[in-house]
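Hello,

Here is the structure I promised to pass on. Please have a look at it before reading my notes below.

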Amino acid sequence: MENSTKVTQFTLLGLTNTPELQITFFLVFLLVYLINVLGNLGMIVLILLDSQLHTPMYFFLCNLSLVDLCYSSAVTPTVLASLLKGDNIISYNACAAQMFFFAAFATVENFLLASMAYDRYIAVCKPLHYTSTMTTGLCARLAMGSYAGGFLNGSIHTGDTFSLSFCKSNVVHHFFCDVPAVMVLSCSDRRLSEMVLVFVVSFNTFLALLVILISYLLLFTTVLKIRSARGYQKTLSTCASHLTAVFIFYGTVIFMYLQPSSSHSMDTDKMASVFYTMVIPMLNPLVYSVRNKEVKNSFKKMIEKVKLHLGMTF
């Protein structure tokens with residue numbers, strides 16, 4: 001494989017070249033990003049300040065909000081800047097950095113969702129052993145393992161992609177430096193790199209999905225034994241938010257990455273990418289707050305405290 005790199009920068013085609021649509025997209029994505037930042041930061045602050053939310057479930061949710069904020073921020077500000085200024089040039093190193101951080105944090109989310117499924121399984125199937133099983137040490141190890149796996153995955157994808165030679169076109173048919181969109185530009189033989197991409201994504205995705213599937217199979221087996229309709233409904237409601245996040249996240253990942261680059265339609269990929277880079281990070285805090293009574297009650301208490309403080313101040 002030839003290692004000489006002749007391309008020093010890339011041109012991102014973006015979402016559209018029509019000026020009127022660029023303004024519309026800028027305003028829409030800016031609004032989505034602001035909701036994303038406020039929602040995820042708000043969730044983090046809420047969990048940190050309310051002692052009643054200092055439980056394993058909310059520890060993982062706090063990390064999920066942080067990861068959503070980070071992997072969205074690896075992409076969205078660049079997109080907004082290109083829509084506003086019309087400058088779609090990104091340097092070689094900036095492209096590699098964007099790819100690394102996006103792949104890393106997206107993988108961290110993958111493993112965090114699996115950890116949250118295991119937490120729900122213990123809470124429902126072994127409630128008497130919950131506090132002794134989901135200890136602070138175990139939660140910390142699961143979180144650290146998720147981050148370690150994420151950053152290892154980001155390193156593999158970035159190293160694998162940028163070990164290729166780019167000596168022809170430098171035009172990326174995408175709005176950010178995603179692995180398939182950059183890899184397809186290589187003038188090297190990329191069959192091995194594509195195999196590595198599919199294998200690593202498949203391994204990470206199906207490992208996490210296996211944990212989630214087993215956890216929920218055992219969980220639903222336990223739920224079916226609950227005779228109380230109220231208890232049955234309460235148990236399902238605690239898992240509904242997590243299941244919603246799982247379906248949205250993994251559906252998009254499988255669609256995007258578990259196929260060779262020759263099968264990719266870049267226009268379709270761009271639409272799917274908008275969904276998982278901008279919309280999913282915005283949806284997660286909304287899903288977990290709207291469907292969660294503890295979060296809603298904590299939010300109400302915080303609003304009351306703020307009102308009381310403002311009243312005393314003025």
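**What I found**

Of the contacts (heavy atoms within 4.5 Å) between residues at least 6 apart in the protein's sequence, 80% join residues at least 24 apart. Please keep in mind that this is a predicted model, in which local features need pLDDT of at least 70 and side-chain atom pairs count only at pLDDT 80 or more, while totals for chains, interfaces and linings use all residues. Residues are numbered from 1 along each chain as its sequence is written, and side-chain values use heavy atoms, with hydrogens and water left out.

**Overall make-up**

The protein has 11 helices and 3 strands; these are DSSP runs numbered from the N terminus, with H or I and at least four residues for helices, and E and at least two for strands. Starting at the N terminus, the order of elements is β-α-α-α-β-α-α-α-β-α-α-α-α-α. Of the 314 residues, 48% are buried (under 20% relative accessible area; exposed is over 50% and partly exposed in between, with a 1.4 Å probe and protein chains only).

**Helix 4**

Helix 4 covers residues 92-125, and its 34 residues reach 50 Å from first C-alpha to last, close to the 50 Å expected at 1.5 Å a residue (that is, 1.5 Å times one less than the number of residues). Since 27 of those 34 residues are buried, helix 4 is largely enclosed by the rest of the structure.

**Helices 2 and 6**

How do helix 2 and helix 6 pack, at what angle and how far apart are their axes? Helix 2 (residues 56-73) and helix 6 (residues 136-162) pack at about 20°, with axes 10 Å apart; the axes are lines fitted to C-alpha atoms over the stretch in contact, and angles run from 0 to 180 degrees between N-to-C directions. The two helices are therefore roughly parallel (under 35 degrees; over 145 is roughly antiparallel, 65 to 115 roughly perpendicular and the rest oblique). On the helix 2 side, P56, F59, F60, N63, L66 and V67 meet C139, A140, L142, A143 and Y147 of helix 6. This contact has 10 nonpolar residues, 1 polar and no charged.

**Two residues to look up**

V45 lies in helix 1 (residues 19-49) and is partly exposed, at 39% relative accessible area. Its C-alpha is 8.6 Å from that of C62, 17 residues away in sequence. L210, in helix 8 (residues 191-223), is also partly exposed, at 46%.

Best wishes

Definitions and conventions. Ala, Val, Leu, Ile, Met, Phe, Trp, Tyr, Cys and Pro count as nonpolar, Asp, Glu, Lys and Arg as charged, and the others, Gly among them, as polar.
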